[in-house]
Amino acid sequence: MNHQKRLHDELTQVKSNILVMLSKSPHPAHQGLITTLKHTANNEWLDLAAKRLGPEYANLINRMTMLEAAVSQIDIGQYGYCCDCEEKIATALLQKDPATQRCTKCAIKRTSN
Ligand SMILES: [Zn+2]
């Protein structure tokens, strides 16, 4: 199972979903944003999109944030560890969702809070 490839594939997918949504948008500003985003580097892409897009994009932006976080964790060798308690995240969880950020215990704690 290649988590890195899955993360990159999904990032590409989410990004194109955002662009497709923008291309159907009635706001003239969004058409200009498409051009800007097409010329924006990966690391600034998410920042720019998050700042410029409305709440209807929140789900896609959140997902992209999670995916980007997981990708940068791979880069620094911290991938697969819980961001709260630093325990190793179960392989089954990562297989289900390679962008998982928390172990089962901490995920439950967060949703019950
Ligand atoms: Zn944890």
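These legends walk through a few close-up views of one predicted model.

Residues are numbered from 1 along each chain as its sequence is written. Because the model is predicted, local features need pLDDT of at least 70 and side-chain atom pairs count only at pLDDT 80 or more, while totals for chains, interfaces and linings use all residues.

View 1. The chain has 6 helices and 0 strands, where helices (H or I, at least four residues) and strands (E, at least two) are DSSP runs numbered from the N terminus. Its C-alpha atoms fill a box of roughly 45 × 30 × 20 Å along the principal axes. Of the 113 residues, 13% count as buried, meaning that 20 or more other C-beta atoms, placed from the backbone, lie within 10 Å of the residue's own.

**View 2. Helices α1 and α2 side by side.** The axes of α1 (residues 3-23) and α2 (residues 28-38) come within 8 Å and cross at roughly 150°; such axes are lines fitted to C-alpha atoms, for helices over the stretch in contact, with angles from 0 to 180 degrees between N-to-C directions. That makes α1 roughly antiparallel to α2, a label for angles over 145 degrees. Look for Leu-19, Leu-22 and Ser-23 in α1, which meet His-30, Leu-33, Ile-34 and Leu-37 in α2; contact here requires C-beta atoms, placed from the backbone, within 7 Å. The residues of this contact divide into 5 nonpolar, 2 polar and no charged. In that scheme Ala, Val, Leu, Ile, Met, Phe, Trp, Tyr, Cys and Pro are nonpolar, Asp, Glu, Lys and Arg are charged, and the others, Gly among them, are polar.

**View 3. Helices α3 and α4 where they meet.** Here α3 (residues 42-52) and α4 (residues 58-75) have axes that come within 10 Å and cross at roughly 160°. The two helices are therefore roughly antiparallel to each other. Leu-46, Ala-49 and Ala-50 in α3 meet Ile-61, Met-64, Thr-65 and Glu-68 in α4. This contact of α3 with α4 comprises 5 nonpolar, 1 polar and 1 charged residues.

**View 4. Glu-86 and the annotated stretch.** Glu-86 sits in the loop between α4 and α5 (91-96). Its phi is near 65°, a positive value in a residue other than glycine. Glu-86 is exposed, with 10 other C-beta atoms within 10 Å; exposed means 12 or fewer. An unreviewed UniProt entry annotates residues 77-110 as "domain: Zinc finger DksA/TraR C4-type", and such annotations may be inferred rather than shown by experiment. Over residues 77-110 the chain is 38% helix and 0% strand, with its end C-alpha atoms 25 Å apart.

Notes
Angles under 35 degrees count as roughly parallel, over 145 as roughly antiparallel, 65 to 115 as roughly perpendicular and the rest as oblique. Two residues are in contact if their C-beta atoms, placed from the backbone, lie within 7 Å.
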